[in-house]
Amino acid sequence: RKANLLDQVVQVTTMQSEAGLAGALHGALSGGSLATTFTSSQGLLLMIPNLYKIAGELLPCVIHCATRSLSTYGLSIFGDHSDVMAVRQTGWALLCASAVQEVMDLGVIAHTATLESSIPFCHFFDGFRISHEMNTIEMVDYDTMRKMTDVNLIHAFRARSLNP
């Protein structure tokens, strides 16, 4: 098991649906955990009720979303941003990556920005082209991430959590 930036082993939990996941995400954030998730199209729409709660409570969080066209009569593989546009009104900041390298770079930036601003971020990218693209990227190493992350912001977030 590999440790994260805070020298902790990451706990990965698989949920049955995005609706349940959004509730678990909200609960984890409320308890002071740094939590994130990955989703796409219809899954993001199932999270909308909890997105309002997370934003309203100023909980730092990032959802990484591979955007796809919303299904109407059948499943669609076409890419558009109709799923992300449906969450504009929830209070989440939207950050769009348009290339594979940007997905890596902006993913790290989204996590830093949410801690600095206490505004949750939806980091999205094209779910058809970019999520299937084979390309070489330059990984952001842990040393660079440590320089970007203010540990005091993490401590402040945990200090105001609902952890009895």
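How far is the sulfur of cysteine 122 from the closest cysteine sulfur, and in which residue does that sulfur lie? Select cysteine 122 and then cysteine 65: the two sulfurs are 5.1 Å apart, which is too far for a bond. With a disulfide taken as a pair of cysteine sulfur atoms within 2.5 Å, the count comes to zero disulfides.

This is a predicted model, in which local features need pLDDT of at least 70 and side-chain atom pairs count only at pLDDT 80 or more, while totals for chains, interfaces and linings use all residues. Residues are numbered from 1 along each chain as its sequence is written, and side-chain values use heavy atoms, with hydrogens and water left out.

Stay with the two cysteines and show the surface: cysteine 65 is buried at 0% relative accessibility, and cysteine 122 is buried too, at 2% (buried means under 20% relative accessible area, with a 1.4 Å probe and protein chains only).

Next, select Val10, Leu34, Ala35, Thr36 and His111, which lie nearest the centre of the largest pocket among its 42 lining residues. A pocket here is an open set of points on a 1 Å grid over the protein atoms alone, where a 1.4 Å probe fits, with protein on both sides within 12 Å along at least five of seven lines, and lining residues have an atom within 4 Å of a point. Its volume, the space filled by probe spheres set on the points, is about 1500 Å³.

Finally, colour helix H5 (100-117), one of the elements that give two or more residues to this lining; H5 supplies the largest share, nine residues.

Methods:
Buried < 20%, exposed > 50% of the residue type's maximum accessible area, 1.4 Å probe, protein only. Helix = DSSP H or I, 4+ residues; strand = E, 2+ residues; numbered from the N terminus.
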